[in-house]
Amino acid sequence: MAWQVTSNISGGQRYTAATQEQYAFAAAALDEQAQALFALASSWSAAALQLHSRRTGTICPVLSGAAPQSSGHAPLPYDQLARCSYAQSARCHSLAQELNMLASLIARAHSLYSQAENTARSMLSKTVHAGASLAPGYAAAAFGALAAGGALSSSLESGQFNATGALTSTAGVQEGMLSSVSGYINALGMRPGTGVGRAAGILAQASSRINDSMQGNMLIVREKHARTPVIYESHDIAGALTNLRTLGTQRASTGTSSGLDYGTIAIQRYRDAKGNISWLVTIPGTDGKADSPFGWPQNLEVMSENPQQRMNTDGARMVLKAMAQTGIGPTEPVALVGHSQGGIIAAAIASDMQKRYRIEHVVTAGSPVANHPVPKKTWMTSIEIEDELVAALDGAANPVSPTWLTIRGRVQQAAGTPALLHADGTCSPGTSPSDNPFSATEVEDASDDREISHHLQYHQAAYRNASDLGSPALQRHEEHFRRIVGGTLEATGYWQGRVHHGPAVAPLQHGEMNTIGPRKP
Amino acid sequence: MHIITIDSIRTGISAAQNSSPSWNAMLPGGAVLSGNARLPGLSAAALVSAAACPCQIAARHSYDQLAVLARTTAQASEQARSTAARSSSIEWDGAAATFFRERLNASARVAAQLDEQNHDIQLLLCMGG
């Protein structure tokens with residue numbers, strides 16, 4: 001079973017109001033024509049039925065032989081007229097569908113309904129938040145019922161236990177529920193008010209101590225040399241995402257031909273025709289290894305509303321150390337691209353290190369970064385999947401601004417897939433193909449069964465679909481990113497982080513191994 | 001067989017029933033026939049006498065219904081072509097934009113087919129008898 005992603009875009013720079021009005025007018029006009037043609041199709045179809053009825057139900061005494069012959073009693077060619085009427089109905093319906101599809105294409109490409117969609121989503125989140133705050137028990141039960149229903153649905157579809165449907169069925173209420181839960185945590189932590197960042201910070205105060213006692217807080221950062229090329233020169237966001245995914249797959253602790261493994265980031269140096277240097281930092285997501293700076297507990301810390309807490313995270317410390325060791329200058333443009341925790345770290349660095357580095361563009365995939373105080377001068381390109389849950393952990397929608405563009409992907413079964421007969425005799429229905437190649441983009445390397453859409457290939461498909469639409473806002477973001485990585489790649493450095501107990505170790509050689517002491521209290 | 005003009009048929013029908021204003025719109029291009037235009041195959045006297053016959057009532061209802069539908073479809077087709085032409089000129093580049101304009105052109109052709117089918121229906125109605 002193939003899977004595909006349909007993307008919607010919000011934020012970013014648009015054309016002038018007059019041009020936007022042109023798009024809106026064109027979409028509305030096409031939609032209006034489509035509705036008129038749908039109605040006509042119904043009317044022609046009804047007319048055909050009535051013609052049939054008149055042909056069979058009309059009794060003429062002359063034609064039936066009951067009265068003398070006289071002219072003027074010849075019947076209409078009802079059969080031919082009915083066939084023509086059916087043909088007109090089908091043609092009207094087909095044309096209506098076409099115009100409807102084209103109206104939808106304009107709307108998606110130019111984000112015509114993004115404001116309304118964002119407003120609706122925000123209202124739903126606030127309603128869920130309010131409901132959960134007033135009646136938490138009922139809200140939890142309702143959420144559980146939704147999740148259970150979704151899990152049951154996905155299990156039945158795949159013929160085995162598969163709970164990913166729970167994420168899909170609760171996608172619309174995740175932000176509101178998380179926002180409500182954060183309120184409770186904040187109250188318990190004696191810091192009333194909403195905000196997932198505050199709640200994350202409260203929880204992280206405990207989790208970080210526990211983690212430090214288990215993992216240690218002595219961070220070692222060393223430069224690694226890949227035996228084989230891992231990531232390559234990239235000049236656009238799609239290329240950067242491909243490199244991000246490749247780097248993430250090196251997290252297997254053994255068996256990679258490159259010699260790289262988990263807890264590894266990449267820093268690439270570009271030089272343009274004028275000799276200006278710029279940088280691209282690639283940060284994979286949580287690997288969950290016991291001695292990795294990108295472990296599970298670190299997610300809470302880097303989501304905190306407290307800047308010091310954020311920058312004290314093992315992952316953030318590691319990336320900053322690597323950037324310093326690489327020699328990135330304070331005036332040299334830097335782009336950061338990260339998946340999941342990697343994206344959160346990227347947004348945190350952009351928020352908290354703006355005086356130290358010139359972070360010009362951040363690309364995040366599946367990262368809950370809505371609450372990070374990213375300065376307006378830093379362009380954000382955020383890619384989220386509706387039901388991946390992780391991106392909703394911030395309990396809020398991303399800001400909508402000329403410099404913050406968000407691509408939201410919705411996963412569905414790919415069109416044109418055949419029905420599947422499972423070994424136990426159950427079957428999954430197939431779908432008919434869509435004749436609009438831009439309605440969705442297929443996910444590469446997706447599992448046949450419904451899986452968690454937090455995997456990076458889903459975000460890649462979402463970006464490709466959005467990019468194919470030719471959205472002016474996305475094109476501007478792409479151009480802005482390309483200006484940073486438009487030069488020639490000069491060098492790629494890989495940096496690995498490990499966390500353990502023990503005293504600080506003196507660096508052996510400059511640039512080869514560095515140890516960062518315990519985190520600041 | 002007498003050759004009857006549209007005017008005489010219309011007069012005859014009007015004598016027995018309210019005349020149908022949709023007769024004019026049934027013709028190709030919606031043009032109004034002059035009093036000298038001709039429809040073969042129908043006898044005015046027979047039509048007048050058969051005006052109240054069930055088959056003629058059914059025929060008239062069918063004429064009216066299809067005439068209205070044809071006129072509405074012609075208007076919708078014209079508007080669809082006009083909308084397609086205007087939409088094609090919006091500022092938009094890329095593969096999706098190219099696809100959009102190609103499909104708009106295809107839609108205009110389908111709209112033209114609607115008009116052709118309208119014409120065929122009108123001919124069938126006129127040839128009935």
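Q: Which residues have the most contacts inside the largest nonpolar core?
A: They are A:Leu37, A:Ile106, A:Leu241, A:Ile407, B:Trp92 and B:Phe100, in a core of 80 residues. A nonpolar core is a set of buried Ala, Val, Leu, Ile, Met, Phe, Trp, Tyr and Cys residues joined through side-chain atoms within 4.5 Å. Helix H2 (residues 78-109) of chain A gives the most to this core, 15 residues. A second, separate core has 39 residues, including A:Val281 and A:Trp404. In soluble globular proteins, nonpolar side chains tend to be buried together.

Q: What kind of model is this, and how is it numbered?
A: The model is predicted; local features need pLDDT of at least 70 and side-chain atom pairs count only at pLDDT 80 or more, while totals for chains, interfaces and linings use all residues, and side-chain values use heavy atoms, without hydrogens and water. Residues are numbered from 1 along each chain as its sequence is written, with chains lettered from A and ligands numbered from 1 in the order in which they are written.

Q: Why does A:Asn243 count as buried?
A: Buried means under 20% relative accessible area, exposed over 50%, and partly exposed in between (1.4 Å probe, protein chains only). A:Asn243 has 5% relative accessibility, so A:Asn243 counts as buried. A:Asn243 lies in helix H8 (residues 237-248) of chain A; helices (H or I, at least four residues) and strands (E, at least two) are DSSP runs, numbered from the N terminus.

Q: Which residues does A:Asn243 contact, leaving aside neighbours within four places in sequence?
A: Contact means heavy atoms within 4.5 Å. On that basis the partners of A:Asn243 are A:Ile231, A:Tyr232, A:Ser234, A:Gln268 and A:Thr282.

Q: Why is strand S7 of chain A described as largely enclosed by the rest of the structure?
A: In S7 (residues 379-385), 7 of the 7 residues are buried, so the strand is largely enclosed. A:Trp379, A:Thr381, A:Ile383 and A:Ile385 point one way, and A:Met380, A:Ser382 and A:Glu384 the other way.

Q: What makes S6(A) and S7(A) a pair?
A: Two strands pair if DSSP finds at least two bridges between them. S6 (residues 358-365) and S7(A) are joined by 5 bridges and run parallel, with A:Val362 opposite A:Met380. S7(A) is also joined to S8 (residues 404-413) of chain A by 6 bridges, again parallel; there, A:Leu405 is the bridge partner of A:Thr381.
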